Amino acid sequence: MASQSIGAQVAINIFLFLLVMGMSSTVDIKIMRQQLRNYKAISIGLFCQFFLMPFFGYLVTIAFNLPVPVGVTLIIVVSSPGGSYSNWWCALFNADLGLSVSMTTASTILSLGFLPMNLFIYTYAAYNSKDSEVGGESVIKSINFGVIFISIAVVIGAIATGVFCSYKFDTPRWHKIAYIGGNFSGIALIIFSTVLSFKGGSDGSEPTPQETITATRPADYVAIALPCLLGLVVATILPTLLKLSKPERLTTAVECCYQNTGIATSAALSLFSGSDLQLAMRVPTIYGFVEAISIAVYLLIFWKLGWSKAPKEEKICTIIVKTYEVQDHNEDPEKDDEGEDEVGSNMENNDEELAAECTGSNVELSAQKASTDAS
């Protein structure tokens, strides 16, 4: 059973690596360099990711009086860095993919510090009772951070590899191949994770989604969904007030709300057991469904409102298959040609003015000479 678990984890990390690498390879290096200097957008995204979302999770935990396994796991979910699918969603609906990869890179690296910090602050604040079996510092000590840091390292390595490939093979053909490969890896990861979630439980191993759902209080569904929905609203309003571009607003909202639920799953497996594990496992399962459905609906609506890079009049099957990151890159030479034509026209006008001035000067000199000869 242990070997199967290790094999499944290796397979998930391979699919995760190929997905993130593919999306990172799609980004134009020039655009990504510009977005890495987009301090306003990245700062807003990181603020929503590491300050608002954990705080929302804490408020929901207190307001709904969530049991320890549910509340602690929810805090882990909302304290995690952006999920691997955030780049995929931004690429699929043509938000600002360069900003998405930049935010994922920054949040993944910074999560090495922010994740344990938020876990300690909010789990201690919510469950600081000495009577609790799992609370405060004991939660931090019980979590297997080795598994968490392995997932973070996979994402960092995939981003670095993808960016290097995009720099080394900076052609439209490579960008399209990487985009298609990343999409296939993302679909394979979804299918593989779904099969695994339905596989265990009856023989005493991990609980299946049906078993986790049967143990759920109705109010818990609302509690688990609320941080994602609140984050989506706030992460749309805040960038709008600060006048980010419309594709950047979409990316900020997606990066804020789409959490890496795999980290919470690994942490729950190392932290809880028995009936507590059954309670804890439902949190990333339910949150994963909520974030996928809400973000898909959100991106569809705002694409039709004209916030995406894709034309709102285009067919949905076309915008999903086609990457407008590459198109933007191809359109740059035309803009450069227009700029060159404008410069050339200005130079021609300057030459004509100079010639006219020279002609006028020659006429004046000739007149003066004729006047001198006559006298």
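Modeller: Let us begin with a pair of side chains in this predicted model: R282 and D220 form a salt bridge, and their closest N and O atoms are 2.4 Å apart. The two partners come from distant parts of the chain, with R282 in helix α14 (residues 274–304) and D220 in helix α11 (residues 218–241), 62 residues apart.

Colleague: Why is the pair of R282 and D220 called a salt bridge?

Modeller: The term asks for a side-chain nitrogen of Lys or Arg within 4 Å of a carboxyl oxygen of Asp or Glu. The structure holds one salt bridge.

Colleague: Are these two partners buried or exposed, and how do you know?

Modeller: Buried means under 20% relative accessible area. R282 has a value of 1%, and D220 also has a value of 1%, so both residues count as buried.

Colleague: What makes you call L119 buried?

Modeller: L119, which has its place in helix α6 (residues 97–126), has a relative accessible area of 0%, and because the limit is under 20%, L119 is called buried. In space L119 lies 6.4 Å from I76, C-alpha to C-alpha, although the two are 43 residues apart in sequence.

Colleague: How do you know that T251 is buried, and which residues does T251 touch?

Modeller: T251 sits in helix α12 (residues 246–257), and its relative accessible area is 0%, which is under 20%, so T251 is buried. Leaving aside residues up to four places away in sequence, T251 touches C90, A95, D96, L99, S100 and M103.

Colleague: Which residues line the largest cavity, and how do they divide into nonpolar, polar and charged?

Modeller: The lining is made by G45, L46, Q49, M103, T104, S107 and E255, and α3 (39–63) and α6 are the elements that give two or more residues to it. These lining residues divide into two nonpolar, four polar and one charged.

Note on methods
Residues numbered from 1 in each chain as written. Predicted model: local features only at pLDDT ≥ 70, side-chain atom pairs only at ≥ 80, totals over all residues. Heavy atoms only, no water. Helix = DSSP H or I, 4+ residues; strand = E, 2+ residues; numbered from the N terminus. Buried < 20%, exposed > 50% of the residue type's maximum accessible area, 1.4 Å probe, protein only. Contact = heavy atoms within 4.5 Å. 1 Å grid on protein atoms, 1.4 Å probe; cavity = no way out; pocket = protein on both sides within 12 Å on 5 of 7 lines; lining within 4 Å. Nonpolar A, V, L, I, M, F, W, Y, C, P; charged D, E, K, R; others polar.
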